[in-house]
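Here are my notes on the model you sent over.

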Amino acid sequence: MKLGSLDFIYMPSPDPAAELEWFQKTLEAEVVFAIEAFGTRVAMLKPASGPAVLLAGHLQGERPILVFRVDSLDETAAELEAAGATVSSEFGIPHGPIREIEAPGGHRLAIYELTRPETAERLQGRQDW
């Protein structure tokens, strides 16, 4: 089994607007988008290098979720389960289907398959707030 790139770090955010401003001003992170939909706010920031950071108003918990891209969600999930991991049912994010992985110590991991690559371009520059 091979995990691909670490594409996203989903961060729980009680106040995405305030946190977005801090990341932008203090760390000079590029704002990719800031959207409001389905009763929540999500902002994507791009640091100078590395994965995108998403500030998510709807995300519960204290820890971020590290989201890795895989070539085949079903194959990777099956390999993880065969190795003893607990993998959630499939659900969706704008970029494609995703599944969470239970990891020791309360770490939060997920794998997704990029099935909608046009999403990045569609969301680029959108600022609802």
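1. Thr40 sits in strand S3, where strands (E, at least two residues) and helices (H or I, at least four) are DSSP runs numbered from the N terminus. The residue is buried, at a relative accessible area of 16%; buried means under 20%, exposed over 50% and partly exposed in between, with a 1.4 Å probe and protein chains only. Leaving aside residues up to four places away in sequence, Thr40 touches Ile35, Gly57 and His58, contact being heavy atoms within 4.5 Å.

2. A word on the basis of these values. This is a predicted model, so local features need pLDDT of at least 70 and side-chain atom pairs count only at pLDDT 80 or more, while totals for chains, interfaces and linings use all residues. Residues are numbered from 1 along each chain as its sequence is written, and side-chain values use heavy atoms, with hydrogens and water left out.

3. Now the largest pocket, which holds about 600 Å³ of space. A pocket here is an open set of points on a 1 Å grid over the protein atoms alone, where a 1.4 Å probe fits, with protein on both sides within 12 Å along at least five of seven lines; lining residues have an atom within 4 Å of a point. Grid points are joined across faces, edges and corners, and the volume is the space filled by probe spheres set on them. The lining has 27 residues, and Tyr10, Val42, His58, Ile93 and Pro94 are the closest to the centre. Among the elements giving two or more residues to this lining are strands S2 (30-37) and S3 (40-46) and helix H3 (118-123). By class, the lining has 17 nonpolar, 4 polar and 6 charged residues. Nonpolar covers Ala, Val, Leu, Ile, Met, Phe, Trp, Tyr, Cys and Pro; charged covers Asp, Glu, Lys and Arg; the others, Gly among them, count as polar.

4. The second largest pocket has about 170 Å³ of space. Its lining of 15 residues has Phe8, Met44, Ala52, His95 and Ala120 nearest the centre. Strand S1 (6-12), S2, S3 and H3 each give two or more residues to that lining. Its make-up is 9 nonpolar, 4 polar and 2 charged residues.

5. Thr119 lies in helix H3. This threonine, Thr119, is buried, with a relative accessible area of 1%. Beyond residues up to four places away in sequence, Thr119 touches Pro94 and His95.

6. Which residues of helix H2 (residues 73-82) are buried? They are Leu73, Thr76, Ala77 and Leu80. Viewed down the axis of H2, these fall within an arc of 100° (taken from the directions from the helix axis to the C-beta atoms), so they line one face of the helix. S7 and S8 are among what covers them. The face of H2 turned away from the buried side carries the exposed residues Asp74, Glu75 and Ala82. Just after H2, Gly84 has a positive phi of about 105°.

7. Finally, the aromatics: the structure holds 3 pairs, with ring centres within 6.5 Å and planes classed as stacked under 30 degrees, edge-to-face over 60 and tilted for the rest. Phe8 and Tyr10 have centres 6.3 Å apart and planes at 70°, so this pair is edge-to-face. Phe8 and Tyr112 form a tilted pair, at 5.5 Å centre to centre and 45° between the planes. Because Phe8 is in strand S1 and Tyr112 in strand S8, that pair ties together parts 104 residues apart in sequence. Phe8, Tyr10 and Tyr112 form one aromatic cluster.

How values were computed: Rings of Phe, Tyr and Trp (its six-membered ring) pair if their centres lie within 6.5 Å; planes under 30 degrees apart count as stacked, over 60 as edge-to-face and the rest as tilted.
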